[in-house]
Amino acid sequence: MEQQRTEATESLLVRQGNDNLVYNEENGGLGDGGSVAVSDVTTILGLSTFVAACISFGSGCAVGYSSPTESSIMEDLGLSVAEFSVFGSILSIGALLGSAVSGKITDLLGRKLTMWILNLFYIGGWLAIAFTKSPWLLDLGRLSLGFTIGTFTYLMPVYISEITTKSVRGRFSVIPSLTFGWGISFMYVVGSFVSWRTLALIATIPGLLQLLPLFFIPESPRWLAKVGRDKELEDVLLCLRGNKADIFNEAAEIKDYVESLKSFSKEGILEIFQKKYVRPLLVRQVIWMKLINFFIFSVQSIDIYRLFSLQTVVGMIILMNLGGANAFAFYSGVIFVSAGLSSMVGLITLAATQTIVGVLGIILIDKLGRRPLQLVSTAGLCFSCFLTGLSFLLKESNWWDQGSPALAFIGLLMYAGSYIVGSGIPWLLLSELFPINVKGSAGSICNFMGSCTGWVVAYYFNFLTEWSSTGTFFIFSVCCAANFILSATMVPETKGRTLEEIQTSITHS
């Protein structure tokens with residue numbers, strides 16, 4: 001078995017190292033016969049990305065909905081602060097449910113069929129909110145939206161990474177993060193002018209826009225290879241790369257790698273902890289891993305090498321959420337008002353900031369790489385939380401009444417910009433680092449842990465600010481600082497390589 005695994009892996013490494021045999025986007029996709037160039041961007045790829053963008057925009061609408069509608073919903077339905085906190089945080093409960101089954105659903109049904117099913121949950125959730133006359137239906141609709149978000153959070157980066165070429169994978173994978181921010185901003189701005197019921201109806205539009213394109217977008221070629229539908233795999237690659245493109249080498253690389261996984265690996269959650277998925281990443285992280293394993297996980301019976309990739313991605317997602325992501329998303333309008341600022345001006349400026357910085361991130365991610373942007377993002381999040389906390393400290397202490405709103409404004413804008421740059425990177429790394437036979441299980445674990453911490457922050461944020469707004473944002477800042485340290489010491493660079501190259505280098509001993 002070990003010899004079979006070594007031969008399969010070495011075959012892939014030889015394929016990747018031979019310019020005459022390997023599919024290579026950088027030289028125009030020419031194989032050994034000088035065939036037609038492969039296009040990095042095609043109409044079908046653009047349509048597929050549009051669907052992913054609509055899904056993410058809709059998810060952003062769901063996340064941003066509670067901020068501009070809090071007071072009106074509480075007044076119309078007679079909700080208390082605790083009841084509205086349930087409404088705000090139950091989105092994360094739904095996300096918990098979705099995240100727990102996201103990997104298994106997408107592996108079992110495929111990427112495309114999963115999108116169809118979740119779109120129905122999405123539209124149904126908004127209709128329940130729009131026409132509700134009681135709190136339980138309001139919460140049920142919110143729960144349905146959370147379920148779709150929990151599953152889409154894993155599905156979208158995986159789907160995009162599996163249909164794009166290595167030279168554009170990064171920028172296409174972060175487009176959903178940008179449209180997610182647009183969705184939040186859209187709710188902020190439009191929610192200031194329309195009623196909460198009308199806003200819920202407007203939010204169904206991203207789901208309706210997906211209905212027609214979903215008939216035309218292709219299934220993931222890597223998922224097709226996994227389930228043995230090789231003829232469809234080739235047809236999909238032709239569709240994605242251009243009808244006259246030479247997809248022979250890319251198809252062969254995908255099929256060879258999937259077959260090699262079948263020959264020496266099993267599917268399932270325990271397969272994630274195999275040493276072969278972490279060994280090359282541990283040159284300088286062994287001491288750090290021992291500390292994490294001892295102080296956080298307290299699992300000395302499991303080889304630390306088997307947990308590295310999973311711990312890294314899970315740690316990034318958990319610390320990002322503990323850094324206040326859901327608090328800023330759900331309650332930005334309230335934070336602006338509490339800091340003495342105009343909610344309308346603040347939210348519109350927030351939307352503009354997210355757009356400008358998000359576009360910049362799309363341009364830079366395949367040029368600078370994932371790791372530098374992740375470090376910039378976490379450093380910005382840390383500093384922005386500190387500034388926001390400092391503004392509340394100055395306000396509460398009456399030390400600088402005129403300057404504290406400006407500090408809060410700068411802090412919130414910096415947080416929005418920093419978050420939009422780095423929020424999609426952990427999920428992009430998840431889709432790149434784990435092979436398809438364990439990607440579903442790894443995604444479910446990461447997604448579930450992220451949703452747990454997201455719910456905790458969303459539910460307890462109002463109570464924490466009643467205790468101390470200053471202390472709350474300083475805690476967020478500490479968590480973001482921990483995320484920076486984790487990213488600086490553990491996150492690998494993956495730009496410029498195909499998924500098979502990345503994953504083969506990880507499994508190669």
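1. A crossing of two helices is called left-handed if the near helix is turned anticlockwise from the far one by less than a right angle, and right-handed if it is turned clockwise. In this predicted model, the crossing of helix 4 and helix 6 is right-handed. The axes of helix 4 (residues 81-109) and helix 6 come within 6 Å, with a crossing angle of roughly 40°. Helix 4 and helix 6 are therefore oblique to each other. Sorted by class, their contact has 16 nonpolar, 10 polar and two charged residues.

2. Stepping back to the whole chain, you will find 21 helices and zero strands. Of the 509 residues, 59% are buried. Among contacts with a separation of 6 or more, 81% are between residues 24 or more positions apart.

3. Helix 6 (residues 135-163) also packs against helix 20 (residues 436-490), at an angle of about 145° and with the axes 10 Å apart. This crossing of helix 6 and helix 20 is right-handed. On the helix 6 side the contact is made by Gly 150, Thr 153, Tyr 154, Val 158 and Glu 162, and on the helix 20 side by Ile 436, Lys 439, Gly 440, Gly 443 and Asn 447. By class, these residues of helix 6 and helix 20 divide into three nonpolar, five polar and two charged.

4. Helix 17 brings Arg 370, Leu 373 and Gln 374 to the contact, while helix 19 brings Ile 425, Pro 426, Leu 428, Leu 429 and Glu 432. The residues of this contact of helix 17 with helix 19 comprise five nonpolar, one polar and two charged.

5. Now for helix 7 (residues 169-190). Its 22 residues reach 32 Å from first C-alpha to last, close to the 32 Å expected at 1.5 Å a residue. Is helix 7 largely enclosed or open? With 17 of its 22 residues buried, helix 7 is largely enclosed by the rest of the structure.

6. Leaving aside neighbours within four places in sequence, Ile 175 is in contact with Thr 49, Ala 53 and Ile 362. Ile 175 and Gly 424 are 249 residues apart in sequence, yet their C-alpha atoms are 8.8 Å apart in space.

7. Helix 18 is mostly covered, with 15 of its 19 residues buried.

8. Within helix 18 (residues 404-422) sits Ser 418. Why does Ser 418 count as buried? Buried means under 20% relative accessible area, and Ser 418 counts as buried because its relative accessibility is 10%. Not counting residues up to four places away in sequence, Ser 418 touches Ser 377, Gly 380 and Leu 381.

Notes
Residues numbered from 1 in each chain as written. Predicted model: local features only at pLDDT ≥ 70, side-chain atom pairs only at ≥ 80, totals over all residues. Heavy atoms only, no water. Helix = DSSP H or I, 4+ residues; strand = E, 2+ residues; numbered from the N terminus. Buried < 20%, exposed > 50% of the residue type's maximum accessible area, 1.4 Å probe, protein only. Contact = heavy atoms within 4.5 Å. Expected span 1.5 Å × (residues − 1). Nonpolar A, V, L, I, M, F, W, Y, C, P; charged D, E, K, R; others polar. Axes fitted to C-alpha atoms, helices over the stretch in contact; angles between N-to-C directions. Parallel < 35°, antiparallel > 145°, perpendicular 65-115°, else oblique.
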